[in-house]
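I have opened this structure for the first time and want to keep a record of what I look up in it. The entries below follow the order in which I turned to each topic.

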Amino acid sequence: MELTTDRKLNLQEQVKKLKKEKNAVILAHYYQEPEIQEIADFIGDSLELARKAAETEAEIIVFAGVHFMAETAKILNPSKRVLLPDLKAGCSLADSCPPEAFRKLKEQYPDHVVVTYINCSAEIKTLSDIVCTSSNAEKIINSISKDKEIIFAPDKNLGSYLMKKTGRKMLLWDGACLVHEAFSLDKLLELYKEHPSAMIIAHPESEEHILKVANYIGSTSGMLNFVRNSEHDKFIVATEAGILHQMQKDVPNKTLIPAPAKEDNTCACSECAFMKMNTLQKLYNCLKNEDPEILLEEALMEKAHLPIKRMLELS
Ligand code: 13P
Ligand code: SF4
């Protein structure tokens, strides 16, 4: 339900007040609703948010993002309270890699180095040697000794993109993100015909045929930087539509066009339903009640911490 402007401003004011009273910090992903981004202490991509979570001195972290991101923040801060406005804010990519099935694959290849994309559950992280995000994945893969074989999970699109970039053959888990697989190549090419001067920019979770026509491929922050620094003034953006809020603020005079999805939808763009489960009202409620909270077992956190720590040290 859409909030009235008064209600929105009122909730935002109350969140700011509570934040101060409780020494809480709000970390938000770029895919969150604008009204949440507006009150966040920090907005970032997965890597930047993990870094911020590792550095924060606040007692409470409210994570405006999805479950695996809040879990990562908790693993980095076991003694702090980490709140997620809606515990059901999951991720199709993380869900595509169930721990039991992944454990079986790992057992078949005991000598492979296991690299997992941060978009996976804490349990999958306990089965990993090193974690990566879309902004540091290439660097992480290149840091692994050439005589080692690699299992990469769970995103097959990012995995095959990385195989091309690094020249490394990897065993890929068959997972994908619903949102980034929703772009239509035919519609994108049609749109490009209407805007031939536009640069096509895409997130590496997108399918290979989309990445093939992209002028730039990068993480959420990578795309923001590209648009900010580019001499071009028109961009077709193939990633979750939430990024457009911050992007347009950064470059008010440039034209941003969301890449079209296969299915018809009103905004002709793709939205992550999981990210959008967090609302301003839920964020206010969770900060007020300090619930829902991410709770993980000590042993699981200890094990999952190692591959995340390795990633942060390397990037
Ligand atoms: P980044 O924030 O690393 O670009 O990842 C995008 C994403 O899909 C997050 O779930
Ligand atoms: Fe997961 Fe895709 Fe949503 Fe990111 S956009 S949280 S990868 S479902």
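These notes go through the cavities, the ligand, the cysteines and a few places in the backbone.

**Entry 1, the model.** I note before anything else that this is a predicted model, and I read every value below with that in mind.

**Entry 2, cavities.** I began with a search of the whole structure, which finds 2 cavities of 30 Å³ or more. The largest cavity has a volume of about 220 Å³, and of the 23 residues that line it, Tyr31, Asn119, His180, Glu205 and Met275 are the closest to its centre. When I sorted this lining by class, I found 11 nonpolar, 10 polar and 2 charged residues.

Where does ligand 2 sit? I found that ligand 2 sits in the largest cavity. The residues that surround ligand 2 are Tyr31, Val66, Cys91, Ser92, Asn119, Cys177, Val179, Glu205 and Cys272, and by class this shell divides into 6 nonpolar, 2 polar and 1 charged.

I then turned to the second largest cavity, whose volume is about 60 Å³. Its lining includes Ser46, Leu49, Phe63, Phe68, Met69 and Ile118. Two elements give two or more residues to this lining, namely helix H3 (46-55) and helix H4 (67-76), and H4 gives the most, with 5 residues. By class the lining of the second largest cavity divides into 9 nonpolar, 2 polar and no charged residues.

For Cys120, which is in no disulfide, the nearest cysteine sulfur is that of Cys97, 6.9 Å away. Cys120 counts as buried, because its relative accessibility is 0%. Cys286 is likewise in no disulfide, and the nearest cysteine sulfur, that of Cys272, is 18 Å away. Cys286 has a relative accessibility of 0% and therefore counts as buried too.

Is Asp95 buried or exposed? I placed Asp95 in helix H5 (residues 92-95), and it is exposed, because its relative accessible area is 56%. I also looked at Asp95 together with Ser121: the two are 26 residues apart in sequence, and their C-alpha atoms are 7.9 Å apart in space.

I looked next at the peptide bond from Ala153 to Pro154, which is cis, with omega near -10°. Pro154 is in the loop between strand S7 (150-153) and helix H9 (156-166). Another cis peptide bond joins Asp291 and Pro292, with omega about 5°, and Pro292 has its place in the loop between helix H14 (280-289) and helix H15 (298-314).

Asn23, a residue other than glycine, has a positive phi near 50°. I found Asn23 in the loop between helix H1 (5-22) and strand S1 (24-29), where I noted it as partly exposed, because its relative accessible area is 35%. Glu290 is not a glycine either, and its phi is positive at about 50°. The loop between H14 and H15 holds Glu290, and Pro292 from the previous entry lies in the loop between those helices as well.

Definitions and conventions:
Residues numbered from 1 in each chain as written. Chains lettered and ligands numbered in written order. Predicted model: local features only at pLDDT ≥ 70, side-chain atom pairs only at ≥ 80, totals over all residues. Heavy atoms only, no water. Near = heavy atom within 4 Å. 1 Å grid on protein atoms, 1.4 Å probe; cavity = no way out; pocket = protein on both sides within 12 Å on 5 of 7 lines; lining within 4 Å. Sits in = over half its atoms within 2 Å of the grid points. Nonpolar A, V, L, I, M, F, W, Y, C, P; charged D, E, K, R; others polar. Disulfide = S-S within 2.5 Å. Buried < 20%, exposed > 50% of the residue type's maximum accessible area, 1.4 Å probe, protein only. Points joined across faces, edges and corners; volume = space filled by probe spheres on them. Helix = DSSP H or I, 4+ residues; strand = E, 2+ residues; numbered from the N terminus.
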